[in-house]
Amino acid sequence: MTGEAGCIALPPVGFTLRVTQGAGESEEFSFDGGEARMGRTADNDVVIRDPSSSRVHARVYEEEGQCFVEDLKSANGTTLNKRPLKSAVALESGDLIAIGEVVLEFQFVDGEGPSSTLDGEEEPVDAHETILKPPSKPATAAVVRKPPPRKPTAEVAAAAARPRPSRVIPATAAPEAEAVVVPTAADRARERRELQRSTTGRAQLLWNELPRPTRIAVGIIGGLATLGMLGLLVSAVLPKRVPKKYEPMELVPNGDAIPDSFGEGDQVTFSRPDMKSFTFTFAAPTAIVGVLHYQAADCSKDEVTIELNGTQVGTVPPDTMEVEKRDLEIVLPSTLLHVNGPANELVFDNVTNPPANDPWRIWNIWVEVIPIPRMSAEDAARRAKDDLSRAATFYDLRAVGAMNLFRSWKQYRDAWLLLEATPDSPPELVQLARTRMREIRPQLDAKCSSMLVAYQKQMNQRYPNIRGARRVLQDIPSYFEKEHPCFGMSRGLLANLEDLSEVE
């Protein structure tokens, strides 16, 4: 059918996308033309299960009987046949589209799609093909005619006939050799008088009077000293080579926190404008509950979401006045965790980037895994009550033992996590445990701050008291365990203090 403008409406071109590598290998998706969007979230036509995939990563679309692939400003980019996509590119059957570790093969349905050559027409000439010209005929050499020899005159003939005396040249003597001028004693005395008039001349005379072996030794030593000076100059001018630091991608359950920061901005160790993902695995004979610990800054409300295995479990809270000191945590539900199976994927996703480029950062990330015995709601409530009773006893004895305040907070926390991991737990016990936790935490933070102030007081003296500062830091583990950030900060400051002691 011909339209008003005289154009022929082309039928839609069907195509398929088959996963040839990565998660979901051998899956095939068929489309009757139109558009196929690819990305990490479930609202895409093709869900890409790869940490490098953005929410909406790329698309394949049909236009005027031809199919194209286009990257949608993703964080990590898209490749076509192992070449990065900069703009929309036309597709042919067999092309490979890669998003992270996932590779999809594009195919037209039933041989549809444009052909590389038109039927009955000659193949177009490649504009870049080298055209060989026929060899040209060799140029005919020009004939140079020499003038005929002239007859010698009578004078020339007589001179040639006259006999010449023969010259005998010794075999060892070179022809036309110049004579060697040897200076006389008077010349040498005059030269010495001239050199004695200047410091440079006197140095030259001293050098000439040295024995040959001595001059060779002095020359070698001087050359080595010059090379050493040049080496020092080059090392001072050239920038220091910093060993390459690899970005952490995996978390170790109950391991040390990762001090590096991720996100976007000046204070970020590894730039991740769109998102940052981690993986972690663990095995346990019982049910478990996880707790994600981290610190965050430069985040507004609901800007950064936290996902566990594709399900959102919370958001990063907005900044406060104590943003650099606060320790954040969020429960990772046992129903979403993979135990004794595939790796768990944890994602911090900035929902405003792209298209914006807002700064944000997270750091000091670690995952705590707590085994939870399988029990009924009644048994869990009974055990939680015991934990709450012990927590109250520790709190009453907080002035007796240095660790009792922390133990009280931890017992309330253990009761809360047990109830969170058990379905149908009594809500009043959950509320009591959470409330007491939040009431005790500021007291722990205040104790941590006072000890860090004592450390700074030792270090800010005119001559820093390294020994006194070390004693303060070594005393912090008597009040806190790993679950409080004061413990980790004291270990880092103590390591810096040891390095400072080595320098001194």
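A nonpolar surface patch of about 730 Å² is formed by Ile-216, Ile-220, Leu-224, Leu-227, Leu-230, Leu-233 and Val-237. Patches consist of residues with over 30% relative accessible area and no salt bridge; nonpolar side chains (Val, Leu, Ile, Met, Phe, Trp, Tyr) are joined within 5 Å, and like charges within 9 Å. Accessible areas were computed by the Shrake-Rupley method with a 1.4 Å probe, and for residues only the protein chains shown count as cover. Ile-216 is part of helix α4 (residues 212–237). Helices (H or I, at least four residues) and strands (E, at least two) are DSSP runs, numbered from the N terminus. The relative accessible area of Ile-216 is 45%, so this residue is partly exposed. Buried means under 20% relative accessible area, exposed means over 50%, and partly exposed lies in between (1.4 Å probe, protein chains only).

The model is predicted: local features need pLDDT of at least 70, side-chain atom pairs count only at pLDDT 80 or more, and totals for chains, interfaces and linings use all residues. Residues are numbered from 1 along each chain as its sequence is written, and side-chain values use heavy atoms, with hydrogens and water left out.

The protein chain contains 9 helices and 20 strands. Of its 504 residues, 34% count as buried. The protein chain exposes about 33200 Å², and carbon and sulfur atoms supply 56% of this area. A contact means heavy atoms within 4.5 Å. Among contacts in the protein chain with a separation of 6 or more, 61% come from residues 24 or more positions apart.

Confidence was examined next. pLDDT is the predictor's confidence in each residue, from 0 to 100. The protein chain averages a pLDDT of 80, and 80% of the residues score at least 70. Over residues 1–6 the pLDDT is below 50, and this stretch has 4 contacts in the model beyond near neighbours in sequence. Residues 115–151 also have pLDDT under 50. For them the model has 1 contact beyond four places in sequence. Where pLDDT is low, the predicted coordinates should not be read in detail.

Salt bridges number 25 in the structure. A salt bridge is a side-chain nitrogen of Lys or Arg within 4 Å of a carboxyl oxygen of Asp or Glu. One of them pairs Arg-59 with Glu-35, with 2.4 Å between the closest N and O atoms. This pair links distant parts of the chain: Arg-59 is in strand β5 (residues 58–63) and Glu-35 is in strand β3 (residues 35–39), 24 residues apart. Glu-35 is partly exposed, at 33% relative accessibility. A network of salt bridges links Glu-35, Arg-37, Arg-59 and Glu-70.

A further salt bridge joins Arg-40 and Asp-349, whose closest N and O atoms are 2.4 Å apart. Distant parts of the chain are again linked. Arg-40 sits in the loop between β3 and β4 (46–47), and Asp-349 sits in strand β19, 309 residues apart. Both Arg-40 and Asp-349 are buried.

Asp-445 and Arg-441 form another salt bridge, with the closest N and O atoms 3.2 Å apart. Both residues lie in helix α7, 4 residues apart, or about one turn of the helix. Asp-445 is partly exposed at 32% relative accessibility, whereas Arg-441 is buried at 14%.

The count of disulfides is 1. A disulfide is taken as a pair of cysteine sulfur atoms within 2.5 Å. Cys-448 is joined to Cys-486, with an S to S distance of 2.2 Å. The link is right-handed, with 90° about the S-S bond. It connects distant parts of the chain: Cys-448 is in helix α7 (residues 427–459) and Cys-486 is in helix α9 (residues 485–503), 38 residues apart. Cys-448 has a relative accessible area of 4% and is therefore buried. Cys-486 is buried too, at 0% relative accessibility. Two further cysteines were examined for burial. Cys-67 is buried, with a relative accessible area of 0%. Cys-299 is buried at 5%.

Leu-336 lies in the loop between β18 (328–332) and β19 (344–350). The residue is partly exposed, with a relative accessible area of 24%. Beyond its neighbours within four places in sequence, Leu-336 contacts Leu-308, Asn-309, Thr-311, Val-313 and Asn-344. The C-alpha atoms of Leu-336 and Val-289 are separated by 9.6 Å, and the two residues are 47 residues apart along the chain.
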